[in-house]
Amino acid sequence: MVTSAHQPPGPAGSAELDAGTLRRAFGAYPTGVVAICALRGTEPVGFAASSFVSISLQPPMVAVSVARTSATWPRLAEAPVLGLSVLSHGQGALCRKLASRDGDRFDGVTWRPSPEGAVLIDDAALWLTARVSAVHDGGDHEIVLMELLTAELFTGVEPLVFHTSQFRELIPHG
């Protein structure tokens with residue numbers, strides 16, 4: 001049981017922490033979505049992640065949590081440079097495709113490679129390139145710490161927002 005924001009928790013203090021409860025609870029926190037991609041040989045490989053966070057300005061670092069069950073991460077982990085594309089508000093279908101375990105994730109997707117082999121998704125809100133600097137234990141996930149190499153912000157492009165298993169649009173507060 002997840003407690004309501006309008007009602008204090010009962011004597012137990014919290015809901016039972018099973019996977020379903022936690023998934024719903026974490027879903028209450030809106031996040032952006034990042035496509036993490038690179039060339040492996042001549043083919044693009046990548047996936048979507050909502051567990052992306054800025055870590056440090058000096059040195060510039062970010063982190064992402066990757067499920068240990070991911071079949072894609074082992075293919076990307078050794079790439080010299082990764083492309084991180086912060087998806088834009090119109091890229092919900094692309095996000096679902098990149099999160100899928102079936103089919104060609106890049107079929108119909110426009111992207112460009114960097115000289116170092118990072119893959120950047122067209123029409124994203126932000127492009128970053130990074131290299132893996134450390135991987136830490138995160139329970140059923142790995143916490144991947146990355147050093148940023150480049151950043152290109154596309155001013156005026158709204159990011160994709162993921163909240164309660166749905167894509168949302170940002171509306172300016174007036």
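The legends below describe an overall view and several close-up views of a predicted model.

**Figure 1. Overall view of the predicted protein.** The secondary structure consists of three helices and 12 strands. Along the principal axes, the C-alpha atoms occupy a box of roughly 60 × 40 × 40 Å. The radius of gyration is 17 Å, which agrees with the value near 16 Å that a compact globule of 174 residues would have. Among contacts between residues at least 6 apart in sequence, 64% join residues at least 24 apart.

**Figure 2. Surface and charges of the protein.** The accessible surface amounts to about 10600 Å², and carbon and sulfur atoms account for 56% of this area. Of the 174 residues, 35% count as buried. There are 12 positive and 17 negative side chains, and the centres of these two sets are 4 Å apart.

**Figure 3. Close-up of Ser-88 and its surroundings.** Ser-88 belongs to the loop between strand 6 (82-86) and helix 3 (92-99). Is Ser-88 buried or exposed? Ser-88 counts as buried because its relative accessible area is 6%, which is under the cut-off of 20%. A polar atom of the Ser-88 side chain lies 2.8 Å from the backbone oxygen of Asp-123. When neighbours within four places in sequence are left aside, the residues in contact with Ser-88 are Asp-123, Ala-124, Ala-125, Val-157, Glu-158, Pro-159 and Leu-160.

**Figure 4. Close-up of Asp-123, a residue with positive phi.** Asp-123 is located in the loop between strand 8 (119-121) and strand 9. Its phi angle is near 70°, a positive value in a residue other than glycine. Asp-123 counts as exposed because its relative accessibility is 61%, which is over the cut-off of 50%. The backbone oxygen of Asp-123 is the atom that lies 2.8 Å from a polar side-chain atom of Ser-88.

Figure 5. With a relative accessibility of 6%, Thr-129 counts as buried. Which side chain makes a polar contact with the side chain of Thr-129? The partner is the side chain of Thr-150, at 2.5 Å. Apart from neighbours within four places in sequence, Thr-129 is in contact with several residues, among them Val-81, Leu-82, Ala-118 and Leu-120. Its contacts also include Glu-147, Leu-148, Leu-149 and Thr-150.

**Figure 6. Close-up of Ala-118 and its contacts.** Ala-118 is found in the loop between strand 7 (111-113) and strand 8. Its relative accessible area is 0%, so Ala-118 counts as buried. With neighbours within four places in sequence left aside, its contacts include Cys-37, Ala-38, Val-81, Leu-82 and Gly-83. Arg-112, Pro-113 and Thr-129 are also among the residues in contact with Ala-118. Ala-48 is 70 residues from Ala-118 along the chain, and the C-alpha atoms of these two residues are separated by 15 Å.

**Figure 7. Close-up of the cis peptide bond between Gln-58 and Pro-59.** The omega angle of this bond is about 0°. Pro-59 lies in the loop between strand 4 (52-56) and strand 5 (61-67), and Gln-58 is placed in the loop between strand 4 and strand 5 as well. Gln-58 is exposed, with a relative accessible area of 72%. From Gln-58 to Ala-118, the C-alpha to C-alpha distance is 22 Å, while the separation in sequence is 60 residues.

Methods. Residues numbered from 1 in each chain as written. Predicted model: local features only at pLDDT ≥ 70, side-chain atom pairs only at ≥ 80, totals over all residues. Heavy atoms only, no water. Helix = DSSP H or I, 4+ residues; strand = E, 2+ residues; numbered from the N terminus. Rg over C-alpha atoms; globule rule 2.2 N^0.38 Å. Buried < 20%, exposed > 50% of the residue type's maximum accessible area, 1.4 Å probe, protein only. Contact = heavy atoms within 4.5 Å. Areas by Shrake-Rupley, 256 points an atom, 1.4 Å probe, with all protein chains shown as cover. Lys, Arg positive; Asp, Glu negative; His and termini not counted. Charge placed at Lys NZ, Arg CZ, Asp CG, Glu CD. Polar contact = N/O pair within 3.5 Å; in protein donor to acceptor, adjacent residues only side chain to side chain.
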